[in-house]
Amino acid sequence: MRPLPHSLTQITRIHPPAPPRYDRHSIRNAPAHDPERARRIVRELPTVADVVEELHPIARRDVGSPKTLDDVDTVTIGCWGNAVQITDPAFGENGTTTYNLDNAFEAQLQAHPDARIAAACEMESPRPTPST
């Protein structure tokens, strides 16, 4: 099976007060992930119709591009103190329209006017396979 192309589709929220900067030495002092808060957030997303199963926790550094088609249905939420990161392949766009990301970003702005919110969509198109 051919791997899917690289993509990054996420929204990051930072609520006041802004958390301190962490480096490789101080990261152990960062707040732990809050799974209950993550469950509430995923159910509020306009791109999520239903939560079928909850996967085991993964490290933030392991959240990457979808590797298989099943990964396209996986939404990852990280809640660390005042920081929230939402990674959802459904935020992807086709190069012309960005309805899902735009709508989700606007919903976050409306729901959290006190937060600094950034959205990112970086999609790499698959290369066509040569025909034989």
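## The β2–β3 hairpin

Strands β2 (76-80) and β3 (83-87) form a hairpin with two residues between them. Strands here are DSSP runs of E with at least two residues, and helices are runs of H or I with at least four residues, both numbered from the N terminus.

This is a predicted model, in which local features need pLDDT of at least 70, side-chain atom pairs count only at pLDDT 80 or more, and totals for chains, interfaces and linings use all residues. Residues are numbered from 1 along each chain as its sequence is written, and side-chain values use heavy atoms, with hydrogens and water left out.

## A strand with two partners

Look for T87 in β3: T87 is the bridge partner of T76 and of Q10.

Five of the five residues of β3 are buried, so β3 is largely enclosed by the rest of the structure. Buried means under 20% relative accessible area, exposed means over 50%, and partly exposed lies in between (1.4 Å probe, protein chains only). In a regular strand the side chains alternate between the two faces of the sheet. In β3, A83, Q85 and T87 point one way, while V84 and I86 point the other way.

## The nonpolar core

The largest nonpolar core has 15 residues. Such a core is a set of buried Ala, Val, Leu, Ile, Met, Phe, Trp, Tyr and Cys residues joined through side-chain atoms within 4.5 Å. The elements giving two or more residues to this core are α1 (35-44), β2, β3 and α2 (99-111), and α1 provides the largest share, three residues.

I77 is among the residues with the most contacts inside the core. Leaving out residues up to four places away in sequence, I77 touches H33, A38, I41, V42, L45, Q85 and I86, where contact means heavy atoms within 4.5 Å.

Q108 sits in helix α2 and is buried, with a relative accessible area of 7%. Beyond its neighbours within four places in sequence, Q108 is in contact with I11, R13, L45, I86 and I117.

In the loop between β1 (7-14) and α1 you will find P17, and the peptide bond from P16 to P17 is cis, with omega near -10°.

Terms used. Two strands pair if DSSP finds at least two bridges between them.
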